[in-house]
Amino acid sequence: MKKNFNDKKIIFKISGESRKERGMDKQRFLEWHQWVRDELRSSVNFWLEYGMDYINGGVYTCLDREGRLFSTDKSVWMQGRCAWVFSYLCTVYGRTDEWREAGRSCLDFLEDHCINHEKGDRLYFTVTGDGQPLRQRRYCHSENFYIIANAEYYFNTGETVRIERARRAYETVWQLNNGLIDDPVGLPPKVEPQTRQSRAFGDPMIYLNVTAVMRRCDPENRELYDARANECVKQILNFHFHPELKCTLETVGLHGEPQTDTVAGRVVNPGHDIEGSWFLAEQACLTGDEALYRDAVRIFDYAVDAGWDQEYGGLLYFIDCLGYPPESYEHDMKLWWPHCETLIASLMFYRDTGEERFLDWFEKTADYVKKHFADPEYGEWYGYLRRDGLPTQPPCKGSTFKGPFHVPRCLILADQMMDEIEAAW
């Protein structure tokens with residue numbers, strides 16, 4: 001039996017305006033729902049067929065359009081993300097041997113090859129195909145995905161060693177993110193701290209989602225997870241969310257002050273903001289916090305309004321909050337994952353409020369994805385498009401940063417939410 005996305009359901013009324021009277025085209029909604037299910041099946045099967053390493057364990061993610069491997073180096077992020085996805089498939093749809101073994105393979109590869117035991121058990125960023133270390137980064141995202149992978153696998157199997165590993169890493173990330181311990185890796189800060197100190201939006205945003213997984217999978221420690229989630233919400237809203245600029249900033253000063261005299265201080269990543277908006281909405285639904293839900297909607301609204309490309313469609317990768325030229329060369333590309341986050345967030349806001357404008361955003365984004373990212377011939381979605389919507393050449397389905405995570409996560413959550421919406425008809 002499918003499990004509800006949220007522990008409890010709250011229906012929020014976001015604005016004082018009356019909802020649109022035109023109503024939802026139920027047949028069209030059902031067609032989109034079938035498309036979601038078909039794409040989920042396509043994505044999962046693509047990675048099972050072409051990505052899994054049945055010799056060394058784990059998953060390869062550098063795959064071209066047809067699923068051919070073009071690099072044997074392995075992303076440690078993707079080992080954790082893949083393990084979580086296949087474990088979450090078991091959570092939602094029921095355990096299958098193939099999904100469980102895919103999750104276990106990635107978890108075992110992580111444990112055997114991806115942890116730097118000489119540097120405080122920090123995880124590497126990339127390793128070779130057979131697990132020899134290549135790169136280590138200062139960021140904690142390898143650990144974040146290791147946490148959710150172990151927690152979700154524990155939720156399905158009851159193997160206590162998995163949740164013990166998740167708890168230890170969860171605490172380490174908290175301490176590192178909040179400056180409570182020195183990083184045992186010893187890598188220098190990205191920016192000289194004596195010159196400029198700053199905060200990164202990704203730290204509390206991702207940790208909020210990690211906390212949601214931990215709270216669901218490890219309910220006996222709910223009090224801790226509730227407290228950590230509340231602190232993440234405070235950091236996001238007090239430091240990074242700037243309604244006076246109509247955006248959420250990726251980088252701010254230690255006290256949340258905008259650093260808009262610099263290029264880095266003006267960076268807005270619309271996909272990140274939208275992803276954060278549904279993390280916040282999920283927390284608001286759990287706590288019944290309508291004010292928080294309104295803030296989540298505002299973050300979403302600012303991001304889609306500023307980030308949607310009015311000429312070619314799709315969501316731009318980076319924008320400058322004051323309209324200056326972004327520094328990143330890829331700023332006007334269209335990437336797969338921001339569109340995944342837009343599908344999740346818009347559908348969640350529609351489910352929770354009934355406001356048709358969110359369904360409009362879902363359909364607008366789904367239509368763009370269907371036309372430009374989805375590949376009916378070979379399966380899975382392209383990762384990288386030019387601004388005009390054509391795939392970069394040669395096209396790929398995976399990379400160090402793209403694997404079996406955003407697409408299947410999006411489609412699993414969309415399938416569940418669409419079930420809930422249809423059940424309320």
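This is a short talk on one predicted protein chain, from its overall build down to single residues.

Ground rules first. The model is predicted, so local features need pLDDT of at least 70 and side-chain atom pairs count only at pLDDT 80 or more, while totals for chains, interfaces and linings use all residues. Residues are numbered from 1 along each chain as its sequence is written, and side-chain values use heavy atoms, with hydrogens and water left out.

Let's start with the whole chain. There are twelve helices and 13 strands.

Now the size. The C-alpha atoms fill a box of roughly 60 × 50 × 50 Å along the principal axes. The radius of gyration, taken over C-alpha atoms, is compared with a globule rule of 2.2 Å times the number of residues to the power 0.38. For 425 residues, a compact globule would come out near 22 Å; this chain has 20 Å, which agrees.

What share of the residues is buried? The figure is 57% of 425. Buried means under 20% relative accessible area, exposed means over 50%, and partly exposed is in between, with a 1.4 Å probe and protein chains only.

Next, contacts, meaning heavy atoms within 4.5 Å. Take those between residues at least 6 apart in sequence: 68% of them join residues at least 24 apart.

The surface comes to about 18100 Å², and 48% of that accessible area belongs to carbon and sulfur atoms. The method is Shrake-Rupley with a 1.4 Å probe; for residues, only the protein chains shown count as cover.

Charges next. The chain has 51 positive and 68 negative side chains. Lys and Arg count as positive, Asp and Glu as negative; His and the chain ends are not counted. Each charge is placed at NZ of Lys, CZ of Arg, CG of Asp or CD of Glu. The centres of the two sets lie 2 Å apart.

On to the aromatics. Rings of Phe, Tyr and Trp (its six-membered ring) pair if their centres lie within 6.5 Å; planes under 30 degrees apart are stacked, over 60 edge-to-face, and the rest tilted. The whole structure holds 28 aromatic pairs. Take W35 and W381: their ring centres are 6.2 Å apart and their planes sit at 20 degrees, so this pair is stacked. The pair links distant parts of the chain, 346 residues apart. W35 is in helix α1, residues 26–50, and W381 is in the loop between α11 (356–372) and β13 (384–385). Buried or exposed? W35 is buried at 8% relative accessibility, and W381 is buried at 0%.

There is also an aromatic cluster. Its members are W77, W84, Y88, F125, F145, F401 and F405.

Back to W35 for a moment. K370 touches it: outside four places in sequence, K370 contacts W32 and W35. K370 is in helix α11 and is partly exposed, at 47%. D352 is 18 residues from K370 along the chain, yet their C-alpha atoms are separated by 25 Å.

Now the backbone. Which peptide bond is cis? The one from Q393 to P394, with omega near -10 degrees. P394 lies in the loop between β13 and α12 (406–423).

Two residues to check for positive phi. E380 is not a glycine, but its phi is about 65 degrees. E380 sits in the loop between α11 and β13, and is buried at 1%. K246 has phi near 55 degrees, again in a residue other than glycine. The K246 site is the loop between β7 (241–242) and β8 (247–248). K246 is exposed, at 55%.

Two last stops. D273 is in helix α8, residues 270–287, and is buried at 2%. What does D273 contact beyond four places in sequence? F201, T248, E250, V268, I299 and A303. H240 is 33 residues from D273 in sequence and 9.9 Å away in space, C-alpha to C-alpha.

Finally, P325. This proline lies in the loop between β11 (319–320) and β12 (334–335). P325 is exposed, at 65%. V263 is 62 residues away from P325 in sequence, with 8.5 Å between the C-alpha atoms.

Notes:
Helices (H or I, at least four residues) and strands (E, at least two) are DSSP runs, numbered from the N terminus.
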